[in-house]
Structures are given as structure tokens and as C-alpha cells.
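Work through the exercises below with the structure at hand. Each task is followed by its solution in steps.

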Amino acid sequence: MSADLSGGVGGPSALEPLLAAVLAALAEGAASRGGPLPAGLPQDIAAAVAEEFGAGGSPEERAAASGTGRDQPLSRLTRLLAAGSADPAHPDCAAHLHCPPLAVAVAADLAVSALNPSQDSWDQAPAATALETLLLRELAQMVGYEPGRAAGVLTSGGTESNLMGLMLARDRVLGGGNEGVNGGADGWRVEMSGVSGRPRGRILASAAAHFSVQRAAALLGLGEDAVIPVPVDRNLRMRQGELAALLGACRRRGDVPVAVVATAGTTDTGAVDPLRACAELAAAHGAWLHVDAAYGGGALLSDRLAPLLDGIGAADSVSLDWHKLGWQPAAAGVFLVRDSETYASLARRAVYLNPADDEEAGYPSLLGLSLRTTRRADAFKIAVTLRTLGREGLGRLVDACHDLAVAGARTVREHPRLELHAEPVLTVFLFRYLVGEGDDPAVLDRVNASLRRRLLREGRAVVGRTELPGEGPGRVRLKLTLLNPHTTPAEVERLLHAVVAAGRAEEDLL
Ligand SMILES: Cc1ncc(COP(=O)(O)O)c(C=O)c1O
């Protein structure tokens with residue numbers, strides 16, 4: 001019956017036939033797609049979705065249906081979803097930090113969906129509360145934090161984690177925030193705006209930092225333009241000398257450097273900012289150091305790549321995303337702070353969730369660690385994955401993706417019609433197709449942008465497209481983000497040859 005529940009002793013047997021239907025539909029949908037994404041234009045896909053979503057029996061037929069038949073919405077729409085997905089498990093789907101999840105993580109996540117624990121109070125998640133706390137201790141240790149002193153929480157991803165890091169930075173450096181549980185002081189607002197003539201709070205982040213830093217600054221009342229972009233080198237790594245100079249200039253102007261944001265693994269090149277130098281400079285200027293390791297945090301799993309993140313343990317706060325280089329279904333963001341005392345401004349007392357007498361009686365609460373209230377037990381799938389593969393097993397997957405990027409970059413370097421931007425640091429690299437006749441930068445941009453759309457339209461490949469920092473034409477680059485450890489170097493080579501073929505086809509249209 002379609003109103004069966006997923007929990008309780010009877011839940012699994014209600015789920016079993018439904019899961020069998022979902023698994024069959026996933027296989028059928030993937031087979032009918034036959035490639036990394038559905039061929040066609042967005043309007044073609046939207047029309048197919050509208051048709052399937054609009055179809056279905058009468059209300060009476062639906063009420064009588066068991067939900068498991070091939071023609072039932074569960075099967076039909078799952079087939080549609082699978083056939084219409086950009087599937088990161090396909091070797092030709094390599095544009096974004098969009099990883100193919102491990103089957104074991106998805107199975108673990110199913111248990112969470114079935115039981116629906118919510119992390120905002122112990123009485124909605126007794127075991128999941130304890131597990132999240134233990135997992136975070138382990139992750140804190142991986143970052144180099146003292147587990148007994150650090151604190152953290154699972155988040156929706158790097159965007160939320162960056163916001164939290166900058167919020168705590170604002171409250172520590174400029175004061176105010178939540179002084180004591182639900183105390184609330186808002187002195188920072190005046191200082192933030194700069195209109196009162198008081199010092200203005202500033203954030204220093206590289207020009208290649210994730211755009212969520214500017215969004216966070218806006219949300220925190222600092223204004224997007226409070227973020228001072230620090231120049232980067234060719235591989236988009238922050239220039240340490242420029243950071244020192246900009247921090248000095250900020251202070252001389254009378255502004256307050258609230259935070260330095262260092263990126264460990266930029267979205268486009270995987271560059272890791274000089275973390276130790278950032279920590280020293282931030283400390284010397286009284287600023288908070290937030291390390292956005294949403295992507296590069298995965299390197300901590302690999303003995304080979306972990307040294308790239310040397311110094312991360314000196315950060316005041318860190319973002320890590322296990323739905324990037326960690327093979328988890330979204331969301332699996334992690335936010336950590338080095339010192340739990342700096343978390344005070346988020347503390348909350350909600351009498352229906354974490355009354356003081358419950359806490360005194362030994363009932364723990366994660367409420368004051370998160371910006372959210374209802375919160376999924378995203379820690380569970382990470383915990384299962386860590387215990388199943390271990391750091392070593394996951395490290396091998398990271399190394400395999402790094403090897404693929406190195407091999408792909410070699411193919412690009414050796415191809416006369418491709419140009420590599422820079423050697424890969426992690427598992428991503430930028431490149432472009434070179435037009436046979438001439439090197440007009442505007443033409444190069446146009447051909448590279450349109451060859452990517454051609455690959456999408458044909459359902460042939462999902463390749464990334466970005467632009468280098470700066471002004472004017474000639475900055476468009478293609479990007480391969482290699483997150484599928486089962487892809488082979490030969491498959492990456494084939495994908496690059498498909499890029500060249502699409503480039504030639506676009507050139508013919510010039
Ligand atoms: C470096 C970096 N930080 C933050 C983010 C935002 O992460 P999320 O999409 O999980 O919010 C991204 C996303 O790609 C990223 O690359």
C-alpha cells in the first residue's frame with residue numbers, strides 16, 4: 001500500500017519491493033541513456049519530464065496501486081531521473097566537483113532516510129547524536145586539531161561551512177554575536193557598515209576563492225565588497241607577499257582584518273594557498289584564519305597528497321566536503337573549529353529542544369553547533385564509509401584520481417591542438433582547444449565555449465568550462481575534474497579526443 005511507512009519492524013518489508021522497483025528502474029534508465037548525460041537541448045529534456053510528470057492514472061487507480069509496478073510513478077519517474085541524469089559514475093562526466101557516490105555510502109544513507117533521525121535534539125537522534133560527535137573527533141584529529149578541544153558539525157556543504165567560519169570570525173574579532181546562550185548583542189552591525197565612521201571589517205581571500213565567501217560577507221552584514229581579493233599566481237594560488245601587503249594596507253586604512261580565507265584546493269585548479277604563511281599573517285594581524293578545504297580536504301586521506309595541506313591544523317576553522325573528494329552522496333559537508341570556545345556565538349537554548357535541565361541531566365545537544373534546526377544524520381554515511389574502506393582505502397581512491405589527472409594533463413600536453421594551463425595539483429586541470437588558424441583570443445573563447453555545449457547537446461560528455469581571472473578575451477578554459485577512481489587513463493584520453501573532434505566541428509562553422 002502506498003501509505004506504508006519506512007520505519008519500525010515492518011518498515012523494511014514495506015521498503016523491499018519498492019527498493020527492488022527503484023533498482024530495476026535505475027538500471028533501465030542508465031541503459032537507455034547510454035552515455036554520461038541525456039542527448040538534447042534543455043527544452044527537450046524539460047518536455048520529456050513534463051510529459052512523464054503529467055502522466056498517471058486516476059486518483060482511484062493511484063489509491064489502489066501498490067507502487068511497485070513498472071507503470072507506477074516510482075518506477076516511471078526513477079527511470080526518467082536515471083535516463084535524464086548527468087551521471088558522475090560515467091567516465092565522460094568530469095566537469096564539476098560532483099562525485100560518483102560509493103554504493104556503500106548510498107546504502108548507509110538509505111538507512112538514514114528510513115529512520116529519519118534529526119540532529120537538533122537528542123530525543124530525535126540518540127545514537128546518531130553520539131556518532132556525529134565521535135566522527136567529528138576523528139576528523140578533527142585528521143586535520144591536526146586536538147580532538148578534546150576542537151568542535152564541529154555536519155553541514156550542507158562548503159557554502160554553509162564558509163558562512164559559519166566567517167560568522168565566528170566576525171563575532172570573535174568584532175565582538176557581539178550571541179554572548180551567552182541567547183544573550184545576543186549586535187554592536188558589530190554598526191562597525192560592519194562603515195557608515196558610522198567606525199573601522200570597517202574586512203575579509204582577505206584570494207581572487208580564486210569560492211564565491212560563497214562574498215555571499216557570506218553579504219549575509220553577515222559586512223557587504224560583498226568587504227572581501228579584498230588577494231592576487232594569485234598562474235595556478236591560482238594566493239601570493240603570500242600580496243596577502244602581507246594587503247593586510248598591512250588594511251590596518252593602515254584603519255579597517256579591521258576580520259578573517260583571512262585560505263583555499264586548500266581551488267575549484268578550478270586545485271591550488272592550495274600557503275597555509276602556514278596565511279596562519280602566521282592572520283595571527284600577526286589579529287585576524288581569524290578560515291581554511292576552505294571543501295575540495296582539497298580529501299587530500300588528507302592520502303599519504304602522498306596530505307603534505308600539500310601542511311599547516312591546516314593552525315586554522316581557526318576549516319570546511320571539508322565529503323561530497324567532493326570523499327565519494328558521498330550530497331550533502332556531506334563538515335565544519336570544524338580548533339577551539340570549541342570560539343563556537344559560543346552560535347549557542348542556542350530552545351526550550352522545546354535542549355532545555356537546561358535536560359543538559360544538566362546528561363542529555364547532549366548539537367543544536368548550538370549548527371545554523372540549522374532540523375538536520376539530517378549526514379555523519380552516518382561518512383562513518384560507515386570510513387569504517388568500511390578506512391583512511392587507507394579512501395586514500396587509494398584519492399591517489400587514483402590524482403594519477404588520472406596527471407595522465408590526462410600529459411595527453412593534453414602532447415596533443416598539438418590542446419593547450420594545458422598548468423600541471424594538476426589534485427584531481428583537476430584546465431586546458432583549451434587551439435583553433436587551427438590563428439590565435440584570436442575571442443575566437444578561441446567562442447570555439448571552446450561552443451564545443452562544450454556541442455558535447456552536452458550530443459550527450460557525449462560533460463566537460464567543465466571556466467574563465468581565468470582577469471579582464472578581456474582569451475580567458476575561457478575547459479576543465480576536467482576527475483573524481484571517478486574507476487576511470488582509466490585510456491578513457492580520459494578518449495574523452496580528450498572527443499573534445500578535439502567537437503572543436504574541429506565548431507571550427508568548421510566559423
Ligand atoms: C573551494 C570550494 N569551496 C566551497 C564550495 C561550495 O561547496 P558546496 O557546493 O558544497 O556548498 C565549493 C564548491 O565547488 C568549492 O569548490
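**Exercise 1. State which residues lie nearest the centre of the largest cavity, and describe its lining.**

Step 1. Gly 297, Gly 298, Leu 301, Leu 320 and Trp 322 lie nearest the centre, among 15 lining residues. A cavity is a set of points on a 1 Å grid over the protein atoms alone where a 1.4 Å probe fits but cannot get out, and lining residues have an atom within 4 Å of a point.

Step 2. The model is predicted: local features need pLDDT of at least 70, side-chain atom pairs count only at pLDDT 80 or more, and totals for chains, interfaces and linings use all residues. Residues are numbered from 1 along each chain as its sequence is written, and side-chain values use heavy atoms, with hydrogens and water left out.

Step 3. Helix H6 (126-143) and strand E7 (317-321) each give at least two lining residues; the largest share, 3 residues, is from H6. Helices (H or I, at least four residues) and strands (E, at least two) are DSSP runs, numbered from the N terminus.

**Exercise 2. Describe the second largest cavity by its lining.**

Step 1. Its lining has 13 residues, and Cys 93, Ala 94, Thr 481, Leu 483 and Asn 484 lie nearest the centre.

**Exercise 3. Decide whether Arg 396 is buried or exposed.**

Step 1. Arg 396 is found in helix H13 (residues 379-414).

Step 2. Its relative accessibility is 58%, so Arg 396 counts as exposed (over 50% relative accessible area; buried is under 20%, partly exposed in between; 1.4 Å probe, protein chains only).

How values were computed
On a 1 Å grid over the protein atoms alone, a cavity is a set of points where a 1.4 Å probe fits but cannot get out, and a pocket is an open set with protein on both sides within 12 Å along at least five of seven lines; lining residues have an atom within 4 Å of a point.
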